[in-house]
Amino acid sequence: MMASDRNNNSKADGYAQSYPYHPVPVDHTSGETGSAPMEEGAAQYKDGGGQESGGCARDLRGVAGVLCQPLNVLLIFVPLGIVSGRQEWGSAPTFASNFTAIVPLAGILGAATEALAVHTGQMIGGLLNATFGNAVEMIVTVNAIKAGLVTVVQGSLLGSILSNLLLVLGMAFFAAGLWMKESKFSSTGASANMTCLALGSIALALPTIYSKLPEATSEDMLMISRISSVVIAIVYVMFLIFQLVTHADVFGEEDGEEEQVTMSAPTCVVLLLSSTCCVAVCSEYLVDSIEGVSEQYGLPKAFIGVILLPIVGNAAEHATAVTVAAKGKMDLSLGVAIGSSTQIALFVVPFSVLVGWYYDVPMSLDFRVFDASVLILSVFLASGVLHDGQSNWLEGAMLVATYILIAIICWFIPETEEEGIAGRHREL
C-alpha cells in the first residue's frame, strides 16, 4: 500500500528521497498523502535550493515561526510608541510604550540572527548581530552629536560597553550554567576580543589622563582624540581580518548536530533590517522622553544615561546571547556579547569622534577618570573569567554583581557630579 501511494504521488516521493529523516505523513484511510501540498518545499531544508515555490513556502513557514510567538503580542506597542512620540502624548506614555515595544523586536532580531547563523556560521552570525544591534547606538550617536550633546554620547557608549561586557555576558554564562556544569568556548577568540577591549580602554584612559595635566589644552586633547580614533579604527579592521580570514579556524564553533535551514539568507537579512529600523525609531522616541521621565519621577540622569538606556539599546544582544547560551552555543553568545563590546570600543567610539570632527563638535575621548577607571576594571574582570575557555553559573553571577555595583554608584552620583556620565554638554 505504501509503495502504491508513493507511485501515485510524485511530489511526496521526491520529498521522501531528498529529506529521508522526515517522511511525508500518509492518510491510510483515503490512500492520499495528506500533507504533501503543505510540505512541497520542505525538501530544500538542507541546501536551500530547488524550485522557487518550495523556497517561498519554507520562508513563509520560517517567518511565521518567528512572528507567531506569545511575546510578540507586545508588537502592538510599536505603532503606539511611534504615535505617542509624534502626537506628544507625554513623557511617561512615550517612554513606557517604546520601552515595551523594543522587547519583542529584540526577540525577532535574535531569532533572525540565529537563523542566519545557520547559513554563515556562528562567528559571522555573532558579528552580524553585534552590527545590527549597534546600529541603534550609531544612529543615536549621530543625532546627539549634531545636537551638541557630547556627554550624552559618552555616557551612552560607556554604558553600552559595560552592559554587554558585564550584564549580557554574565546572564549568558548564568543561563548556560543552569543546563550544564561547564560551558566551553574558543579561548583564542575570547582572548583576541579582550585584548581589543583592553586597547579600547587604554585609548579612553590616555586622553582622560592627559586632560588633567597642568598645561594641557582642549585643542591638543581634541586632536589627540581624533588621531587615536583613526588608530583604533584601523586596529578594528585588522581584528576583523584576523577573525574572519587569517585565523578563522581558531575561532572554533561548537560541534553538534546539523541544524535545519528554516529561512533563506535574504529573508533573514530582511527580518534583521526591518526589526533594526523599528528598534531605531522606537529608541529615538524613548531617548526624547527621558528628560521628562527623569523630572517627573526623580530618576537620576546618570543612572538613566549609563544604565537604563544601554539596557534598552542592547536588548537585542541581551536576548540573543542569553537564548543561544542556554542552548549551548557559547561561541555565538560570546560573538554577540563580547563582539558587541569590542565593536563599540573600537568602532562606534572612534566613529563618534570622527562624526564630531565632521560636524565641528568637540567630541573627544576624555570620558572622565571615573568612566575610564570603571571600564578598565571591568575589562580586567572579564579577562579573568574568559581566559580558560570555559564558564559556569558562578562566573556569570560575578559579572552581573559587578554591573549591579556600578549601577548603585550611578544611582547615587550627585547632580553636580553627573557631568561626563549622563549628559550635559561640556565645552572643551
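Q: In this predicted model, which helix holds Gly-55?
A: Gly-55 sits within the residue range 52-67. That stretch is a helix, and its label is H3.

Q: Is Gly-55 buried or exposed?
A: The relative accessibility of Gly-55 comes out at 15%. The cut-off for buried is under 20%. So Gly-55 counts as buried.

Q: Which accessibility class does Gly-90 fall into?
A: Gly-90 has a relative accessible area of 30%. Buried needs under 20% and exposed needs over 50%, so Gly-90 is partly exposed.

Q: Zooming out, what share of the chain's contacts with a separation of 6 or more comes from residues 24 or more positions apart?
A: The chain has 16 helices and two strands. Of its contacts with a separation of 6 or more, the share from residues 24 or more positions apart is 81%.

Q: How much of the chain is buried?
A: The chain has 428 residues, and it exposes about 19500 Å², with carbon and sulfur atoms supplying 65% of that area. Buried residues make up 50% of the chain.

Q: Where is the kink in H7 centred?
A: Helix H7 runs over residues 150-177, which is 28 residues. Its first and last C-alpha atoms are 40 Å apart, close to the 40 Å expected at 1.5 Å a residue. There is still a kink of about 35 degrees, and it is centred on Ser-163.

Q: Why is H7 described as largely enclosed by the rest of the structure?
A: It comes down to a count of buried residues in H7, which has 28 residues in total. H7 is largely enclosed because the number buried is 25 of the 28.

Q: Which helix supplies the largest share of the nonpolar patch?
A: The patch is on the surface and includes Met-223, Ile-227, Leu-354 and Trp-357, and its residues have about 720 Å² of accessible area together. H14 and helix H9 (218-246) each supply at least two of its residues. The largest share, six residues, comes from H9.

Q: Is Met-238 buried or exposed?
A: Met-238 is one of the patch residues, and its place is in helix H9. Its relative accessibility is 52%, and the cut-off for exposed is over 50%. So Met-238 counts as exposed.

Q: What is the relative accessible area of Thr-342?
A: Thr-342 is in helix H14, residues 330-358. Leaving out residues up to four places away in sequence, it touches Asn-193, Cys-196, Leu-197, Tyr-236, Phe-239 and Phe-347. Thr-342 is buried, with a relative accessible area of 1%.

Q: What is phi of Asp-360 near?
A: Asp-360 lies in the loop between H14 and helix H15 (368-386). It is exposed, with a relative accessible area of 68%. Its phi is positive, in a residue other than glycine, and is near 60 degrees.

How values were computed. Residues numbered from 1 in each chain as written. Predicted model: local features only at pLDDT ≥ 70, side-chain atom pairs only at ≥ 80, totals over all residues. Heavy atoms only, no water. Helix = DSSP H or I, 4+ residues; strand = E, 2+ residues; numbered from the N terminus. Buried < 20%, exposed > 50% of the residue type's maximum accessible area, 1.4 Å probe, protein only. Contact = heavy atoms within 4.5 Å. Expected span 1.5 Å × (residues − 1). Bend = angle between axes of the 7 residues up to and from the residue. Patch = residues over 30% accessible without salt bridge, like charges linked within 9 Å, V, L, I, M, F, W, Y side chains within 5 Å. Areas by Shrake-Rupley, 256 points an atom, 1.4 Å probe, with all protein chains shown as cover. Salt bridge = Lys/Arg side-chain N within 4 Å of Asp/Glu carboxyl O.
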